[in-house]
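Work through the exercises below with the sequence and structure open. Try each task before reading its solution.

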Amino acid sequence: MEDGIKETIKKYILDEFLPGEDPNNLTDDTPLISGGILDSIATLKLVMFMEERFGITLAAHEADKEHLDTLTDIVRLVSEKKS
Amino acid sequence: MSDMRALHKSFVEAAARFPTNIAVVEPGEGSISYQSLDELSSRVCEYLHGLGVGPGERVGLYLRKSIDTVAAIYGTLKSGAAYVPVDSTAPPARNAYIMHNCGVKVLITEARFEDKLKQEIDNLGGPIPHLLILDGTGGGHPLTNALTAKGLSSVTTSIPVLSPRHDDLAYILYTSGSTGKPKGVMLTHENAVSFVDWCSEVFQPHFTDRFSSHAPFHFDLSILDIHVSLKHGATLVLVGEDIGKDPVRLAKLVSDERISIWYSAPSILSLLAQFGNLAVYDYSALRHVLFAGEVFPVKHLRTLTQLLPIPRYFNLYGPTETNVCNFHEVPLPVPDDRTTPYPIGKVCSHLAGKVIDESGVEITTGQEGELCISGRGVMEGYWSLPEQTAHGFLTDADGTRWYKTGDIVVEAEDRIFIYRGRRDRMVKRRGYRVELGEIEAGLYKHPLIKEVAVVAAPDEEAGVKINAFLSGKEAKRLSLIEIKRFCSENLPLYMIPDRFTWYDALPKTSTDKIDYQRLKEAN
């Protein structure tokens, strides 16, 4: 299940915020917020996508660098919310 | 000049008049009364006086926005020195450059920045200023502790408010510079006080008001937030960097804190209107919504005013060099079919304005030209940049100095001005001034980048999109992830381009310069 989540999120990030990027360059540990890939509006869009796609609700304080900085972090958060 | 007042004089008077009023609220960290803020800032002043700081000196503030920072601002002003606030989220190298550039005598900062900052100042050839290191920020406690550790546990004498001289600076605000280095805009006490007094006249603040402090302190919007609220015995509510960007949490905070006077760039108001879920909260305290820093897309302004129809809305306009110089109250409702942005409005009463053509001659109603501003609010100049300062002004035969805003306007009826665009390569993004040349200079630092050209294009949703065109020294191009990470380490976040496009070589003009025109068309 986690792989499915990861691929969905990864595809969304690549399509929306990294058009043309080689998918192999976006690894599980690539810093997304601290690495300048997701700015504040992009982060909001990602949160809205996650909420809609996975039927979860993120608390306001979870939409930040602590919780969403890498694919690993995001998958962990979504998995916790879904279980 | 006989009526010369120090910027902090009104705060000291308000503290005597409203000692128990809450001066500053820092959500989650606490609050501070006028009396306590007055005392804490006096201790900062004593500390600075002990180091020989006085008029003609500068004190750097490299701190997260907090009660500690507000106390440090007033402590610096009381000492007679000018404060130099920097963006605590910007790369340390940029902040070190600013501190070194204007030669701060004392730098108040947080322990987490200390090592990197010292190293960067050292790289610039030093010297390291006196450092007051705070163990973090929050509620004024780390500042109190740091002063106590320096043996300043109470204020022994009352500090007289000295009348500043004509050219004494109150603060220096660094803005994006076209050469790739930020430049310091020098503002005197007279500049600041004339602006603050104008705000008092137009917005009629009351001691029961609760002001937002959304803009960071290195941004000129903070002058209104801090110095207008604390002049009138009102309360200033600090909005942290994280919450400030998050419409969901911010919408709740504005309601919970019963903000009555809001001031920010339009971009966050657009986000609040779209994502803030405003209908579920109580905003009955809100009486003024002020915005400045960029054009407010009418679509989002309409949504906002439909959701919050009670407050009055003011479009404020002005560069850091003059602070607000024009203003326009938006008449409600915003018509359904309106798409044209609202005017920047009339020139403020403490200033004068005129429009000039390319040869510097004043032009008459109905034609486009560059807006120039003169009067008590206009800056002294740029810190140690006499040529850029001279270039920024036009001097009349009678000696009046007019600051050339670089903004193209047209005068409609009744001295109301309409903004048309920029004359140069500066754009506004999320309320920040961005010199495209500074982004280029930042990208050129990458060892594999050979050529860079950055152009801006208008965008209905975001206001402006920034596109970078690049060519590399090697056949292998940097990936988007690599280039974005490099930007995040070398540029403030608001300067990171939206799009990167690689060329084998950038198109050139016949004189072998980068052909910006063709790149713009390629956009």
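**Exercise 1. How far apart do the C-alpha centres of domain 1 and domain 2 of chain B lie, and which residues join the two domains?**

Step 1. The C-alpha centres of domain 1 of chain B and domain 2 of chain B are 31 Å apart. This is a predicted model: local features need pLDDT of at least 70, side-chain atom pairs count only at pLDDT 80 or more, and totals for chains, interfaces and linings use all residues. Residues are numbered from 1 along each chain as its sequence is written, while chains are lettered from A and ligands numbered from 1 in the order in which they are written.

Step 2. Chain B splits into domain 1 (1-16 + 30-190), domain 2 (351-422) and domain 3 (434-522). Such bounds come from an automatic or database domain assignment.

Step 3. Count the contacts (C-beta atoms, placed from the backbone, within 7 Å).

Step 4. Find the main contributor on the domain 1 side. Strand E8 (residues 183-188) of chain B gives the largest share, six residues. Strands (E, at least two residues) and helices (H or I, at least four) are DSSP runs, numbered from the N terminus.

**Exercise 2. Where does the largest nonpolar core lie, and which residues have the most contacts inside it?**

Step 1. A nonpolar core is a set of buried Ala, Val, Leu, Ile, Met, Phe, Trp, Tyr and Cys residues joined through C-beta atoms within 7 Å. Buried means that 20 or more other C-beta atoms lie within 10 Å of a residue's own; 12 or fewer means exposed, and in between is partly exposed, with C-beta atoms placed from the backbone.

Step 2. The largest core holds 124 residues, and B:Leu37, B:Val59, B:Val84 and B:Ile172 have the most contacts inside it. Domain 1 and domain 2 of chain B both give residues to this core, so it lies between them.

Step 3. Inspect one member. Not counting residues up to four places away in sequence, B:Val84 touches residues including B:Val59, B:Ile98, B:Cys102 and B:Ile172.

**Exercise 3. Which element of chain B gives the largest share of the side that touches chain A?**

Step 1. The contact takes 15 residues from chain B and 17 residues from chain A.

Step 2. Helix H9 (241-245), helix H10 (247-256) and helix H15 (480-490) of chain B each give two or more residues to that side.

Step 3. H15(B) gives the largest share, six residues.
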